[in-house]
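Here is a friendly briefing to read alongside the viewer. Please keep the structure open as you go through the points.

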Amino acid sequence: MLKTFLKDHYNLEVSEITPLAIGADPNAAVYQVDSAYFLKLHRGNFNHITLQVPHFLQKQGVKRVVAPIPTQSGELYTQYENAIAILYPFIEGKDGFTVNLSAQNWVDLGETLRQIHKLTIPNLRQEIYTPTGETLFNHIKQNQTIIRLLISYAQSRWRLIILSNRQSDLRHT
């Protein structure tokens, strides 16, 4: 049934679909489709911007972003039974949560963030919300906390990389 679905919506001739026991989304089932694709079937609430942003970034030339593959009709997802179906290229490897990033990984991440920061981002939101008063204060306070945590994490990782490089340099002298 999934093979017919993929043919109808993505024009793919599929020989093998393998369920994968990975992912942090309890509302999703994921599959490897042949060796080239990753299919996610998501049930429940779904925020379309999670597909629009990576698609936009990829179209702007940001290479290290994995965006969904559009359907034949150009949509970033489609309906499959009672789920949202999203097709991605399959990338073999481990995620950044299960392996430590190398010094080169951090350089690549920095380069990707530089590319993103240079872009002019259009307004992709469907609604307009302007917090005021106490709500605005709480929003700023929450974001400051998140930003401080991210900076602290990045600084600690950077210190580890520098220490590792120094220890490596000492071993080679």
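This is a predicted model: local features need pLDDT of at least 70, side-chain atom pairs count only at pLDDT 80 or more; totals for chains, interfaces and linings use all residues.

The protein has four helices and five strands, and along the sequence they follow the pattern α-β-β-β-α-β-β-α-α.

**Overall figures**

- Of the 173 residues in the protein, 23% count as buried.
- The accessible surface comes to about 12,900 Å², with carbon and sulfur atoms supplying 55% of it.
- If you take contacts between residues at least 6 apart in sequence, 54% of them join residues at least 24 apart.

**The sheet as a whole**

- Five strands make up an open sheet with antiparallel pairing, and their order is β1-β2-β3-β5-β4.
- The edges are taken by β1 (17-20) and β4 (78-80); each has a single partner strand, so one side of each is left without a neighbour in the sheet.
- On average, and with direction ignored, neighbouring strands of this sheet are turned by 35° against each other.

**Strand by strand**

- Strand β1 is joined to β2 (residues 28-33) by four bridges, and the two run antiparallel. Here T18 has Q32 in β2 as its bridge partner.
- Moving on, β2 pairs with β3 over six bridges, again in the antiparallel sense. Across this pairing, Y31 stands opposite L39 in β3.
- The hairpin of β2 and β3 has three residues between the strands, and D34 takes a positive phi near 50° there.
- Strand β3 also runs antiparallel to β5, with six bridges joining them. In this pair, F38 stands opposite Y88 in β5.

**A helix across the sheet**

- Helix α1 (residues 2-10) lies across β1, β2, β3 (37-42), β4 and β5 (83-89).
- Relative to β4, helix α1 runs at about 160°.

**A nonpolar patch on the surface**

- Which residues form a nonpolar patch on the surface? They are L101, L109 and L113, and together they have about 210 Å² of accessible area.
- One of these, L109, is found in helix α3 (residues 103-118).
- Why does L109 count as partly exposed? Its relative accessibility is 36%, and partly exposed means between the 20% limit for buried and the 50% limit for exposed.

Terms used. Residues are numbered from 1 along each chain as its sequence is written. Side-chain values use heavy atoms; hydrogens and water are left out. Patches are made of residues with over 30% relative accessible area and no salt bridge: like charges are joined within 9 Å, nonpolar side chains (Val, Leu, Ile, Met, Phe, Trp, Tyr) within 5 Å. Accessible areas come from the Shrake-Rupley method with a 1.4 Å probe; for residues, only the protein chains shown count as cover. A salt bridge is a side-chain nitrogen of Lys or Arg within 4 Å of a carboxyl oxygen of Asp or Glu. Buried means under 20% relative accessible area, exposed over 50%, partly exposed in between (1.4 Å probe, protein chains only). Two strands pair if DSSP finds at least two bridges between them. Axes are lines fitted to C-alpha atoms, for helices over the stretch in contact, and angles run from 0 to 180 degrees between N-to-C directions. Contact means heavy atoms within 4.5 Å.
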